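The stops below are meant to be selected in the order given.

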Number of protein chains: 2
Amino acid sequence: MKAVPVFALASALLATAFPAAAQFAKSEDAIKYRQGALFVMGQHFSRLGAMANGRAPFDAKAAAENADLVLTLSHLPWAGFVPGSDKGASTRAEPAVWTENDKFKAAAEKFQGEAVKLAAAAKTGSLDNLKAAFGPTAASCKACHDNFRK
Amino acid sequence: MKAVPVFALASALLATAFPAAAQFAKSEDAIKYRQGALFVMGQHFSRLGAMANGRAPFDAKAAAENADLVLTLSHLPWAGFVPGSDKGASTRAEPAVWTENDKFKAAAEKFQGEAVKLAAAAKTGSLDNLKAAFGPTAASCKACHDNFRK
């Protein structure tokens, strides 16, 4: 019989409070998952930023695609902030992610709401709409990073 | 004036052959991007595998969601295999990714095709359909890893 990692057991016990916890075999996987999702999302978000800020020509199709990816990815990273995953791999997550988890969740939800508006704005094909939605979304990223990322 | 990184210049020159190349500011970003996308995709794919192989109870809704994520993510990693990104960060990519790029692209496309079928199978809500589609998809992952990953 294969030993069940302690992390998986702890996660299973916590699964009621945080349903995604049991989905990672070990803390390292949860950390790599959230970092991967955030990095990929950041890359697509920065392409929208380049258009919104005039550093790249506006391409309505690319904007809509990137914003849709940001929206899809906006749901993912949070499941990786499993209790106990403040260690297990290199991470810049502040302890406040877990000690002030309500605030962290609220910040994540704020961003997810902005991502919905950003995707809707990008779909209109208007650069002005993209610009108007990009700022508040970027601000919601920054607010979370300022409080919960080292 | 900010200096344009050599990588970005090289990428721009190669942009006709590989349109996504110019989307990464530096080699490290391209590597982290493809690794992040592959890791997140792998996590969702493994959840389907757990259901297909009886290690987790079948949950039709979760299966459809995970397969949809795999499908969305299946399009992403390849843009990160920019020419020149065999270095710049730790990577297990074999030189063959670039020296036998046609074969690599064909392997990536084979997998993307299987991901389409997998998502369609998962949407039927039938575990048997999921099982039937999971095997060929996993085989397409393995074929690419065997030839192009250290």
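Start on helix α5 of chain A and select its buried residues: N101(A), F104(A), A107(A), A108(A), F111(A), Q112(A), E114(A), A115(A), L118(A), A119(A), A121(A) and A122(A). Buried here means under 20% relative accessible area, exposed means over 50%, and partly exposed is what lies in between, with a 1.4 Å probe and protein chains only. Helices are DSSP runs of H or I with at least four residues, numbered from the N terminus.

Before going on, note that this is a predicted model, in which local features need pLDDT of at least 70 and side-chain atom pairs count only at pLDDT 80 or more, while totals for chains, interfaces and linings use all residues. Residues are numbered from 1 along each chain as its sequence is written, chains are lettered from A and ligands numbered from 1 in the order in which they are written, and side-chain values use heavy atoms, with hydrogens and water left out.

**Around α5 of chain A**

Show what surrounds the helix. The cover over the buried residues of α5(A) includes α2, α3 (60-73), α4 (96-99) and α6 of chain A, where contact means heavy atoms within 4.5 Å. Next, check the length of α5(A), residues 101-123: its 23 residues should span 33 Å at 1.5 Å a residue, and the end C-alpha atoms are 33 Å apart, which agrees. The expected span is 1.5 Å times one less than the number of residues. Step past the end of the helix to G125(A), which has a positive phi near 80°.

Now select K110(A) and E114(A). They form a salt bridge whose closest N and O atoms are 3.0 Å apart; the term requires a side-chain nitrogen of Lys or Arg within 4 Å of a carboxyl oxygen of Asp or Glu. The two residues are four apart in helix α5 of chain A, so about one helical turn separates them. Which of the pair is buried, and which is partly exposed? E114(A) is buried, with a relative accessible area of 6%, whereas K110(A) is partly exposed at 49%.

Move to α2(A), residues 27-52. At 1.5 Å a residue its 26 residues should span 38 Å, and the end C-alpha atoms are 37 Å apart, which agrees. Because 20 of those 26 residues are buried, α2(A) is largely enclosed by the rest of the structure. Just after this helix, G54(A) takes a positive phi of about 80°.

From there select N66(A), in helix α3 of chain A. N66(A) is buried, with a relative accessible area of 7%. Leaving out residues up to four places away in sequence, N66(A) touches H44(A), R47(A), L48(A) and M51(A). The side chains of N66(A) and H44(A) are joined by a polar contact of 2.7 Å. A polar contact is a pair of N or O atoms within 3.5 Å; within protein, one must be able to donate a hydrogen and the other to accept it, and residues adjacent in sequence count only if both atoms are side-chain atoms.

**A stop on α6 of chain A**

Select A143(A), which sits in helix α6 (residues 127-148) of chain A. At 37% relative accessibility, A143(A) counts as partly exposed.

**The interface of chains A and B**

Color the two chains separately. Here 16 residues of chain B are in contact with 16 residues of chain A. About 1,500 Å² is buried between the chains, and carbon and sulfur atoms give 69% of this area. Buried area is the accessible area (1.4 Å probe) that two parts lose on being put together, summed over both. Select Y33(B), F39(B) and R47(B): they supply 35% of the area that chain B buries against chain A, more than any other three residues.

On the side of chain B that touches chain A, α2(B) gives the most, with ten residues.

**Salt bridges within chain B**

Finish with E65(B) and K61(B), a salt bridge with its closest N and O atoms 3.0 Å apart. E65(B) is partly exposed at 44% relative accessible area, and K61(B) is exposed at 60%.
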